[in-house]
Amino acid sequence: MADTEPGFTDVNKLGEFKLIERLTKDFKLKNKSSKFGIGDDSAVIAHGDTHMLVSTDLLVEGIHFDLIYSPLKHLGYKAVVVNLSDIYAMNGTPEQITVSLALSSKFSVEALDELYEGIKEACRIYNVDLVGGDTTSSPRGLTISVTAIGTVDKDKICYRSGAKPGDILCISGDLGAAYLGLQILEREKQLYLSNPGIQPELENQKYLLERQLKPEARKDIKDYLAEAGLVPTSMIDISDGLASDLMHICKASDVGAFIEEAKIPINQDAQLMAIKFQMDPITTALNGGEDYELLFSIKEEDLEKIRLMPSVYIIGEIVKKKDGITLHTSGGNVHALKAQGWDHFDED
Ligand code: ADP
Ligand code: MG
């Protein structure tokens, strides 16, 4: 194997987060305006009385999307929305985007028009301006990089690092649906590849498919929070899955947390589809990812302010680091949460 050669370490051995840590550890922030660099949903740059937020994401054909089932218009929309979600995760307002493309000769002008229809629609719905980008050719497929730029009041910014034991954990909506939408699309793709004459069975699954193909970012939450006069102690958007993203909050805040299985919101269609795929609905909610809901913590004294907030669910609590990151099951068991699944053998 190549990775046994001296001087060649397979990047998969480190994993994404360790790799980023290793590559960036010697980059110290030099400029006074660089308020926060690597390690949150957006970078934070001082700019007068407000802070500017910058976040970037790269979508690669064959890794992040499959053009067999992703309409180009939806893809353009999603590429923008997933970036805006990182600005909302800082309690900010996105204002501009740049879009860069690397494309192979298989894409026609008409196909790219469609992609940009979706980008335009996202710019309209989220009130952001397309202000630049870059376009180049590629030997294979399509790569889209979007950078989102936004602003946030200095005293309203939410990092991943401010959670304290006793804080209440909240989530802005239901989880697992996008992952199940992907499972349906993958199933239909396999059937189509083995029998191209077959019609896909997508009916009645509009919600799951939309959550996967055309997700929305929670632009409303920052307004609800502002109306309630509430600033979360920490916040992150759910891109990798509740378990993994909760771990990012716990690591950055140096705390532990528990979530209550019975309180995790799962849409009814997602519930039924998980069972159809012989999956545990809770596992899809914990590890599915791509939900783009906001996970945040608030001080216990602010509990009343959250109770009437539309679509906000209380799912658990922040605890001391030594108490770990756990799932309290409906049956009364306590499992240690893992980034992928949880440990079934760790019952108290
Ligand atoms: P998110 O899931 O919120 O988009 P990521 O997990 O992609 O965040 O990234 C985690 C952090 O690492 C972010 O602060 C991001 O800007 C930074 N980052 C990711 N890749 C690189 C890179 N190649 N060089 C420098 N910083 C990076
Ligand atoms: Mg994020």
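How does histidine 74 count at 27% relative accessibility: buried, partly exposed or exposed? Histidine 74 counts as partly exposed, on a scale where buried means under 20% relative accessible area, exposed means over 50%, and partly exposed lies in between (1.4 Å probe, protein chains only). The structure is a predicted model, in which local features need pLDDT of at least 70 and side-chain atom pairs count only at pLDDT 80 or more, while totals for chains, interfaces and linings use all residues. Residues are numbered from 1 along each chain as its sequence is written, chains are lettered from A and ligands numbered from 1 in the order in which they are written, and side-chain values use heavy atoms, with hydrogens and water left out.

Histidine 74 belongs to helix α3; helices (H or I, at least four residues) and strands (E, at least two) are DSSP runs, numbered from the N terminus. Leaving aside residues up to four places away in sequence, histidine 74 touches Leu213 and Lys214, where contact means heavy atoms within 4.5 Å. Between the C-alpha atoms of histidine 74 and glutamate 117 there are 8.8 Å, although 43 residues separate the two along the chain.

The magnesium ion (ligand 2) has Asp41 (OD), Asp86 (OD) and Asp237 (OD) as its protein donors, 2.1 Å from it. Donors are N, O and S atoms within 2.8 Å of the metal (3.2 Å for Na, K and Ca), and sites may look incomplete because water is not among the atoms. Along the chain, the donors of this ion follow the spacing D-x44-D-x150-D. Aspartate 86 sits in helix α3 (residues 72-88) and aspartate 237 in strand β8 (residues 234-237), so this pair ties together parts that are 151 residues apart in sequence. Aspartate 86 and aspartate 237 are both buried.

On a wider scale, the domain assignment, which comes from an automatic or database source, gives domain 1 (32-153) and domain 2 (160-336). Their C-alpha centres lie 22 Å apart, and 23 residues of domain 1 are in contact with 23 residues of domain 2.

Charged pairs come next. Side chains of opposite charge can pair when their charged atoms come close. With a salt bridge taken as a side-chain nitrogen of Lys or Arg within 4 Å of a carboxyl oxygen of Asp or Glu, the count comes to 21 salt bridges. One of them joins glutamate 21 and lysine 251, with the closest N and O atoms 3.4 Å apart. Glutamate 21 lies in helix α2 (residues 16-24) and lysine 251 in helix α8 (residues 242-253), so the pair links parts that are 230 residues apart in sequence. Glutamate 21 is partly exposed at 46%, whereas lysine 251 is exposed at 62%.

Another salt bridge brings together aspartate 66 and lysine 189 (2.6 Å, N to O). Because aspartate 66 is in the loop between β3 (50-60) and α3 and lysine 189 is in helix α5, this pair ties together parts 123 residues apart in sequence. Both aspartate 66 and lysine 189 are buried.

Within helix α4 (residues 109-125), arginine 124 and glutamate 121 stand 3 residues apart, about one turn of the helix, and their side chains meet in a salt bridge (3.2 Å, N to O). Arginine 124 is exposed, with a relative accessible area of 57%, and glutamate 121 is partly exposed, at 25%.
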